[in-house]
Amino acid sequence: METIKSLAASLEENLVKQFRAFQELKGLTQEERKALFEHDAEALVPILENKERLLDDVSRLETGLTELVEGWA
């Protein structure tokens with residue numbers, strides 16, 4: 001029973017982190033659209049760097065989630 005609680009807590013933590021990352025990605029995408037609309041190339045660089053970092057984070061989280069589920073199955 002404790003193992004299931006521990007797994008559930010780990011799954012929840014992972015999903016919350018993914019949700020937050022996707023929220024941040026949404027905001028960055030909105031900033032990116034604004035910068036593109038305004039032809040502001042300088043503003044795009046940090047936005048795209050942050051998006052790339054977040055996408056890497058999401059990829060790691062998804063890998064971790066897969067490992068958790070496979071380990072439990």
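Is E32 buried or exposed? With a relative accessibility of 16%, E32 counts as buried, where buried means under 20% relative accessible area, exposed means over 50%, and partly exposed lies in between (1.4 Å probe, protein chains only).

The structure is a predicted model, in which local features need pLDDT of at least 70 and side-chain atom pairs count only at pLDDT 80 or more, while totals for chains, interfaces and linings use all residues. Residues are numbered from 1 along each chain as its sequence is written, and side-chain values use heavy atoms, with hydrogens and water left out.

**Around E32**

E32 belongs to helix α1, which covers residues 2-37; helices here are DSSP runs (H or I, at least four residues), numbered from the N terminus. Leaving out residues up to four places away in sequence, E32 touches L44, I47, L48 and K51, contact meaning heavy atoms within 4.5 Å. With K51, E32 forms a salt bridge whose closest N and O atoms are 2.5 Å apart, a salt bridge being a side-chain nitrogen of Lys or Arg within 4 Å of a carboxyl oxygen of Asp or Glu. This pair links distant parts of the chain, since E32 lies in helix α1 and K51 in helix α2, 19 residues apart. K51 also counts as buried, at 16% relative accessibility.

**Salt bridges**

| Pair | N to O distance |
|---|---|
| E32 and K51 | 2.5 Å |
| K17 and E13 | 3.1 Å |
| R53 and E24 | 3.4 Å |

R53 lies in helix α2 and E24 in helix α1, so this pair ties together parts that are 29 residues apart in sequence. R53 is partly exposed at 38% relative accessibility, and E24 is partly exposed at 39%. K17 and E13, by contrast, both lie in helix α1, four residues apart, about one turn of the helix. K17 is partly exposed at 42%, and E13 is partly exposed at 46%.

**The nonpolar core**

The largest nonpolar core has eight residues: A21, L25, L28, A35, L44, I47, L54 and V58. Helices α1 and α2 (41-72) each supply at least two residues of this core. Such a core is a set of buried Ala, Val, Leu, Ile, Met, Phe, Trp, Tyr and Cys residues joined through side-chain atoms within 4.5 Å. Apart from neighbours within four places in sequence, V58 is in contact with A21, F22 and L25.

Q18, in helix α1, is buried with a relative accessible area of 8%, and, not counting residues up to four places away in sequence, Q18 touches L61, E62 and L65.
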